[in-house]
Amino acid sequence: KLIICAAPESVTPAAGREPLTVSLSSTGTRDHEGDALRYEWWLQPANQLLSTQANPTVTVTQPGNHLIELRVSDAHGGVSKTVVPLLVGNSRRESDS
């Protein structure tokens, strides 16, 4: 069984102008049996495969509200996924202090 611990900081930065280069982190992902894992990072809703590396840096050129989906699998059929929002074309509004 897989455990994926993806927090908002797993996509850095989570918003910005296009083209937006983001670092993706699978930190916290592990297999309880210790099996090797396969990583797939997808841009949704475009269903575009971004990378098969564990911790890649990718550039998103399409503006819009996207989701970054991490799909993780092992050789025994265990599969898990998590989704983190990504805003391209604008920056998230900073709150007034």
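## Hairpin of E6 and E7

In the hairpin of E6 and E7, 3 residues lie between the strands, and Asn47 has a positive phi near 55 degrees. This is a predicted model, in which local features need pLDDT of at least 70, side-chain atom pairs count only at pLDDT 80 or more, and totals for chains, interfaces and linings use all residues. Residues are numbered from 1 along each chain as its sequence is written, and side-chain values use heavy atoms, with hydrogens and water left out.

Strand E6 (residues 37-44) and strand E7 (residues 48-51) run antiparallel and are joined by 3 bridges. Strands are DSSP runs (E, at least two residues), numbered from the N terminus; two of them pair if DSSP finds at least two bridges between them. Leu43 stands opposite Gln48 in E7.

## The loop between E6 and E7

Asn47 is found in this loop. Most residues other than glycine have a negative phi, and most peptide bonds are trans. Asn47 counts as partly exposed because its relative accessibility is 46% (buried is under 20% relative accessible area, exposed over 50%, partly exposed in between; 1.4 Å probe, protein chains only).

Pro45 also has its place in the loop between E6 and E7. A cis peptide bond joins Gln44 and Pro45, with omega about 10 degrees.

## A cis bond at Pro19

Glu18 and Pro19 are joined by a cis peptide bond, with omega about -10 degrees. Pro19 is in the loop between strand E3 (15-16) and strand E4 (20-24).

## Arg71 and Trp42

The charged end of Arg71 sits over the ring of Trp42, 4.3 Å from the ring centre. The criterion is NZ of Lys or CZ of Arg within 6 Å of the ring centre and within 35 degrees of the ring normal.

How values were computed
Helix = DSSP H or I, 4+ residues; strand = E, 2+ residues; numbered from the N terminus.
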